[in-house]
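Q: I have a structure open and would like to go through it bit by bit. Can we start with the strands?

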Amino acid sequence: HEEAEALNNVARSLGSELDLQKLVQTVTDVATKLTDAEFGAFFYNILDERVESYMLYTLCGASRDSFEKFRMMPRNTPVFNTTFSGLGPRRSDDIRKDPDYGKWAPHFGMPEGHLPVCSYLAVPVKSRSGEVLGGLFFGHPDPAIFTEKSERLATGIASHAAIAIDNAHLYQKAEQQARASMLLASIVDSSEDAIVSKDISGVITSWNKSAERLFGYTAPEAIGKTVAELLIPADRQDEEPGIL
């Protein structure tokens, strides 16, 4: 009951947040607290306007300055692969004793400047489509901190985070489309050329100001009529159906 209530509170706090940066910071803060971690991080992928992927992160329990001494983002090493590949949670009482730990050059152990991690817990954040959006990572300098309950909470939070991130992405996409539509409408409306759009049946759906000047019909008069009705001479009416 306690876990369910905690996850319900998480869902409520994330449900109305559509700013991606604020959203992932909230997820990081809440998850770090509920799992009893000393510090937590959320590494996630975003696409820029050129559709190029970038890894960003939020932190809790540690300053960005202290973390950036590490000078590198997590790579898909054997330890991190479980999370970044979306295979499931990974929990260790002492990650330094894990057989996958410290295998890749140049660090065969804890890299210089890294936060002191002994207890380790990580869960993937996967969208409804199955895409791995990123991962939640938690650490503590003492051993055996994370329990099965910690893992369940982290997994539940990751599920709620994935839904919230999907919603934020949809909202951002809708905003971008709305801005593009407004820009296009502005261009069409201010154009010196007559610009008319019609559906597959030939019915006029938009009619700009230059079309009003050129053809003499206002937009309310033209929209809903067919091009044939307004613009095509009687002796050439058979051409429109052929074009369509």
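Q: In strand 4, which residue is the bridge partner of serine 92?
A: The bridge partner of serine 92 is tyrosine 120. This is a predicted model, and serine 92 belongs to strand 3, residues 90-92.

Q: How many bridges join strand 3 to strand 4, and which way do they run?
A: There are 3 bridges between strand 3 and strand 4, and the two strands run antiparallel.

Q: And how many bridges join strand 4 to strand 5?
A: 8 bridges join them, and this pair is antiparallel too. One of the bridges is between lysine 126 and valine 132, the latter in strand 5.

Q: What sits between those two strands?
A: Strand 4 and strand 5 form a hairpin with 5 residues between the strands. In that hairpin, glycine 130 has a positive phi near 95 degrees.

Q: Before going on, where is the confidence lowest and where is it highest?
A: Confidence is lowest in helix 3, residues 64-68, with a mean of 64. Strand 3 has the highest, at 95. For the protein, the mean pLDDT is 83, and 85% of the residues reach 70 or more.

Q: Helices next. How far does helix 1 reach?
A: Helix 1 runs over residues 2-15, which is 14 residues. From its first C-alpha to its last it reaches 20 Å, close to the 20 Å expected at 1.5 Å a residue.

Q: Which residues of helix 1 are buried?
A: Ala6, Leu7, Val10 and Leu14. They cover an arc of only 95 degrees around the axis, which puts them on the same side of helix 1.

Q: Why would residues a few places apart point the same way?
A: An α-helix has 3.6 residues a turn, so residues three or four places apart point the same way.

Q: What do the buried residues of helix 1 pack against?
A: They pack against helix 2, residues 20-34, and helix 5, residues 148-190. The face turned away from the buried side carries the exposed residues Arg12 and Gly15.

Q: New topic: how many aromatic pairs are there?
A: The count comes to 8 aromatic pairs. In one of them, phenylalanine 80 and phenylalanine 137 have ring centres 5.5 Å apart and planes at 90 degrees, so the pair is edge-to-face.

Q: Where do those two phenylalanines lie?
A: Phenylalanine 80 is in helix 4, residues 78-84, and phenylalanine 137 is in strand 5, so the pair ties together parts 57 residues apart in sequence.

Q: Are phenylalanine 80 and phenylalanine 137 buried or exposed?
A: Both phenylalanine 80 and phenylalanine 137 are buried.

Q: What about phenylalanine 84 and phenylalanine 137, how are their rings arranged?
A: The centres of those rings are 5.5 Å apart and the planes are at 55 degrees, so the pair is tilted. Phenylalanine 84 is in helix 4 and phenylalanine 137 in strand 5, 53 residues apart, so to speak of this pair is to speak of a link between distant parts of the chain.Phenylalanine 84 is buried as well.

Q: Which residues do the ring pairs link into a cluster?
A: Phe43, Tyr57, Phe80, Phe84 and Phe137.

Q: Back to helix 4. Is threonine 82 buried or exposed?
A: Threonine 82, which is found in helix 4, counts as buried at 16% relative accessibility. The cut-off for buried is under 20%.

Q: What is threonine 82 in contact with, leaving aside its neighbours within four places in sequence?
A: Its contacts are Leu87, Gly88, Pro89 and Arg90.

Q: Where does leucine 115 lie?
A: Leucine 115 is in the loop between strand 3 and strand 4. At 14% relative accessibility, leucine 115 counts as buried. Leucine 115 and alanine 62 are 53 residues apart in sequence, and their C-alpha atoms are 8.3 Å apart in space.

Q: Last topic, phi. What is the phi of aspartate 36?
A: Aspartate 36 has a positive phi of about 65 degrees although it is not a glycine. Most residues other than glycine have a negative phi. Aspartate 36 is found in the loop between helix 2 and strand 1, residues 39-47.

Q: And what is the phi of alanine 144?
A: Phi of alanine 144 is positive, near 55 degrees. Alanine 144 lies in the loop between strand 5 and helix 5, and at 48% relative accessibility it counts as partly exposed.

Terms used:
Residues are numbered from 1 along each chain as its sequence is written. This is a predicted model: local features need pLDDT of at least 70, side-chain atom pairs count only at pLDDT 80 or more; totals for chains, interfaces and linings use all residues. Side-chain values use heavy atoms; hydrogens and water are left out. Two strands pair if DSSP finds at least two bridges between them. Helices (H or I, at least four residues) and strands (E, at least two) are DSSP runs, numbered from the N terminus. pLDDT is the predictor's confidence in each residue, from 0 to 100. The expected span of a helix is 1.5 Å times one less than its number of residues. Buried means under 20% relative accessible area, exposed over 50%, partly exposed in between (1.4 Å probe, protein chains only). The arc is that of the directions from the helix axis to the C-beta atoms. Contact means heavy atoms within 4.5 Å. Rings of Phe, Tyr and Trp (its six-membered ring) pair if their centres lie within 6.5 Å; planes under 30 degrees apart count as stacked, over 60 as edge-to-face and the rest as tilted.
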